[in-house]
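The following note is intended for a colleague who meets this structure for the first time. Its points move from the overall form of one chain to single residues.

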Amino acid sequence: MTLRADLAAVADAVPSGARVLDIGCGDGALLAYLRDTKAVDARGIDVSAANVASAVARGLSVVQGDADADLADYPADAFDMAILSDTLQAMRAPATVLGELLRIARRAVVSFPNFGHWRVRASLALGGRMPVTPTLPVSWHETANIHLCTVDDFRATAGELGLRIEQATFLGNGVRRGPGLANLLAEQAVFVLARR
Amino acid sequence: MATAPSLAHDTRFGLDRGVTLPGPFALESGQTLAALDIGYETYGALNADASNAVLVCHALTGDQHVASIHPRTGKPGWWSRLVGDGKPVDPARHFIVCANVLGGCSGSSGPGSIDPATGDRYAMAFPVITIRDMVRAQAALLDHLGVGVLQAIVGGSMGGMLALDWAVALPDRVRSVVGVATAARHSAQNIAFHEVGRQAIMADPAWAAGAYAADAPPSAGLAVARMAAHITYLSEEGLTAKFGRRLQNRAALGFGFDAEFQVESYLRHQGLAFVERFDANSYLYITRALDYFDLAAPHDGVLAKAFAGTKTRFAIISFTSDWLYPTAESKRVVRALNAAGAAVSFVELESPHGHDAFLLDAPEMNRVIDGFLRAGT
């Protein structure tokens, strides 16, 4: 099974045998991959009943729930790694969720579309329209993304929350790229966070 | 423990079985039963290492005929949509056991059984039983059948409570639990509706303090109890869609008290059909057991403590329109299991059919249960 480039970057950050909670796990594709290739203890949360049904049908332990509301149920240090893949920008309270991730898990891997990418900037600056791009494919009135941020915004918020950035991976055109001018040139970012 | 089945003609296995297990059988109340009768059915065969046993637990008024034609009503098994050839619980892969609960009226010890001390039916001399007592009776049956550890317990409604209680009482004997449309306790509203049912039975003069003759039961009281309970199994949305304010066999209001509305006629039919197959005293005892049920009570009200250290996997399923055991109660169980670090799956499925949704055609439920059970093998 081949993972999408951003999911592969997330998966690379997860150590073998880890206790993993994937928040917004969708139909469980990433969790199943991690279970099968890295023997992780895989748990997930997703808001959609259909997604949960698909994930459970894959044999995963997944609960229907909402990261904004339901992370509080988990005890501190319940997991080695929390995954928030392409989900942060849909949270009502992203900063609270980031704090919760690092309460219930020692580390968190967070991926999101970079709103600072030049194509996004161009769409707004030159076109005067909300961007519709490969990583932000849905129009403004239909998108679930309510809290978009740039790579630099994320670094700043992590700092304000007292979180340490252990690792950062960037993607453009579906492949990994270097960190140079990431805020302008990366379409997606994958950060590994730890407590300070 | 008895040996695993190897012979096809072993009379312990098959449809419509019954066994009397020697007592004394100790109950949570401190009382004992001299012996334990259990009516049950099995489907499929236990494999060589006895690892494929699935216990299916029935609801308040269910019985052991989970996937076979009911001998009295002639209707298909009550969960034949989930259990049977090619279904998620499949006799081709699983050794399936379904037993009438302790206190029931379909072959298991209950208030209709003969009290060896008197030679008469127990009636209200039957000890009050609990969900835990029902679980222990099922465990005694499994000992008799040669089943040590269950691959899974699957139950809906009260059956789900039995499944949850199994995981708490006998955690080493159950690898996975499927609890559908269920809860870890009876709420005030649940108890209230049950009390209406019990009082309807007791208000029927034919009840005679429980000492009615078998051919003269308190049918009117039991029918009213069923009518009230049946409303809690449906939803306002479902009732409106099915009946609305439509009249039954008439064009205009009759200015009387016949069953003028279709919904009245339907409920009366439900009540009448129920008394044909269920015992009024059993209804009292089983509803009482349900009302006593609260898994958190022995743990200072902290449900997570009941599941502490559990190795059992759980799948919890609720339905959007179920107001008898609503999603909030399932989520309470899921929260506790998460806090206990248990491997738990949970999904709330869309249905307009209220609590009864778990017994009806529910492809998503089947898909979830199938995947969950296959992952556990």
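Predicted model: local features only at pLDDT ≥ 70, side-chain atom pairs only at ≥ 80, totals over all residues.

1. Helices and strands are here DSSP runs, of at least four residues (H or I) for a helix and at least two (E) for a strand, numbered from the N terminus. On that basis chain A contains eight helices and eight strands. The radius of gyration of chain A is 16 Å, close to the 16 Å given by the globule rule for 196 residues, so chain A is as compact as a globular protein of that length.

2. The dimensions and packing of chain A may be stated next. Its C-alpha trace spans about 45 × 35 × 30 Å along the principal axes. Among the 196 residues of chain A, 49% count as buried. Of the contacts in chain A with a separation of 6 or more, 63% are accounted for by residues 24 or more positions apart.

3. Strand 5 (residues 105–113) of chain A runs antiparallel to strand 8 of chain A and is joined to it by seven bridges. Strand 6 (residues 163–172) of chain A is likewise antiparallel to strand 8 of chain A, with eight bridges joining the two.

4. Which residue of strand 8 of chain A is the bridge partner of A:Val109? The partner is A:Val192. A:Val192 in strand 8 of chain A also has A:Gln167 standing opposite.

5. The largest nonpolar core has 170 residues, and those with the most contacts inside it are A:Val56, A:Ala82 and B:Val56. Helix 2 (residues 158–169) of chain B contributes the largest share of this core, eight residues. Neighbours within four places in sequence aside, A:Val56 is in contact with A:Val62 and with several residues of chain B, including B:Ala315, B:Val347 and B:Phe372.

6. In chain B, B:Asp115 lies in the loop between strand 4 (95–99) and helix 1 (131–145). Is B:Asp115 buried or partly exposed? Burial requires 20 or more other C-beta atoms within 10 Å, and exposure 12 or fewer; B:Asp115 has 15, and is therefore partly exposed. Apart from neighbours within four places in sequence, its contacts are B:Asp120, B:Arg121, B:Tyr122 and B:Ala125. The C-alpha atoms of B:Asp115 and B:Ala34 are separated by 8.8 Å, although these residues are 81 residues apart along the chain.

Methods
Residues numbered from 1 in each chain as written. Chains lettered and ligands numbered in written order. Rg over C-alpha atoms; globule rule 2.2 N^0.38 Å. Contact = placed C-beta atoms within 7 Å. Pairing = 2+ DSSP bridges. Core = buried A, V, L, I, M, F, W, Y, C linked by C-beta atoms within 7 Å.
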